[in-house]
Amino acid sequence: MMNSSYRATLGVAACFVLAATAGAQNQRVSPRPRPQRPVEVPPAVVVLPVDTTAGDSIRVIIERDLDYGDRVQPVLLDSAMADDVWRPNKRNINFDPLRDTRAKFAVRARPISTGLRVEIYDVARKKLLQAASFRLPRLPRDSVLQAIGRRDLSARDSLEREWRLAIHGVSDELERWITGTRGAAQTRIVYIDHGKLKIVDSDGANVQILPTVGAALSPSWHPSGRSIVYVEADDKGTQIAQYDLRTMKSQILTASPRGLNISPVYTRDGKSIVWASGMDKPAELLLASANGNDTTAKRFVGRTGFETTSPTFSPDGRQVAFISPRPLTPQVYIMNVDGTRLRLLTPVVAGKRSYRTSPDWSPNGEEVAFMQQMGDFQIWTISVRNRVMKQLTTEGENEDPSWAPDGRHLSITTRRGEIGADKNIWVLDTRTGRMRQLTHSNDARLSDWSPILKPNF
């Protein structure tokens, strides 16, 4: 039989055990940390000297294109190291100095009679990975220019633009070799600047004014890149017009009598133009042939009895997204092009004001970019599949998104500063948030990004 002191000892021990157990139960157990997505580090590449051209040389253009593509990181060499690695008159590449850099790849481009021979090497293995020849237009020498007239100088300017476009194509192919995804440097962006229709290369070079009769608005590229549809405005109203980049002339679409005609786009096959039209009644979507032969437009699909504007087509051309109020503020809707399966895409929360407009369907078909006003305008995307929204911009005011053909970048209208500050076209990397200024004006807006363009030479 236990004595009283032994029982007391057991009791004290039990109390300690119970207290410890209770304390353990009351403690908050820290959750296991979620695995973090590794930071994406773009592969580094060195572009070796191509020739002795100063200024915006082939090498500089390619380096800049790869940088702007955001999938590859160019490593810039000083002149001494570049000469040590390779010079245009040398035969073999000296890879040893590149070991002190982060470069995984080296690009060597050499002029040939038809254009450019381009090679890419694995730096660590000193091995040629891929090579191809690219055609370039032949430019006249500077000494020849002194003896030719103004008309020929204009032709040379045009040839230089196509030469640069061909170099952009080399950059895009290099990006494909390195990452498996083609770049979007071989493109141009159309925009409005003080009512003038302008286009600019994807790197901000070669700004061109396209002459129009009236003020221009809302430009959009043809899927082939050969023409641009836009709104031409004067004191009597607006009409839909097309600018042919081959003839450098514009033509009014006769199926759009002067009145209120806005937000034109081409259908995905390029055969028709769809735009919003309305005067005394809510605007609705109309359709007419892009060849200009239609004298009257046909009614397209939309929300009957509600204003319907800003159409944008899915990549396969089977669906269309557009803007319509529900019931008072604009929202993004989508439907099949035959008018079936109409549905609201952007979610509406009761008691919470939201204003969504300027939709643009992504090249991969998975999301729609748009601008949303909740105080100021910012750029958002929404998943077509699950309606998950993502805000892409926060600084300043940002409007009118347009997808690049790579499905990663957007051209947007951006105003930094207070109301009344300059507006310009910027390029936004939707993955990293990086932004770069494309135009340098005080009223550049309403941009549209072209498809991949083929040089004309």
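Author: Let us begin with a pair of strands: strand 25 (residues 397-403) and strand 26 pair in the antiparallel sense over five bridges. The model is predicted, so local features need pLDDT of at least 70 and side-chain atom pairs count only at pLDDT 80 or more, while totals for chains, interfaces and linings use all residues. Residues are numbered from 1 along each chain as its sequence is written, and side-chain values use heavy atoms, with hydrogens and water left out.

Reader: What makes strand 25 and strand 26 a pair?

Author: Two strands (DSSP runs of E, at least two residues, numbered from the N terminus) pair if DSSP finds at least two bridges between them. Strand 25 and strand 26 have five bridges, and W403 stands opposite L410 in strand 26. They form a hairpin with five residues between them, where G407 in the turn has a positive phi of about 70°.

Reader: Which strand is joined to strand 26 by seven bridges?

Author: That is strand 27 (residues 423-429), which runs antiparallel to strand 26, and T414 stands opposite N424 in strand 27.

Reader: Why is Q242 called buried?

Author: Buried means under 20% relative accessible area, exposed over 50% and partly exposed in between, with a 1.4 Å probe and protein chains only. Q242 has a relative accessible area of 15%, and therefore it is buried.

Reader: How many residues of strand 26 are buried?

Author: Seven of the seven residues in strand 26 (residues 409-415) are buried; H409, S411, T413 and R415 point one way, and L410, I412 and T414 the other way.

Terms used: Helices (H or I, at least four residues) and strands (E, at least two) are DSSP runs, numbered from the N terminus.
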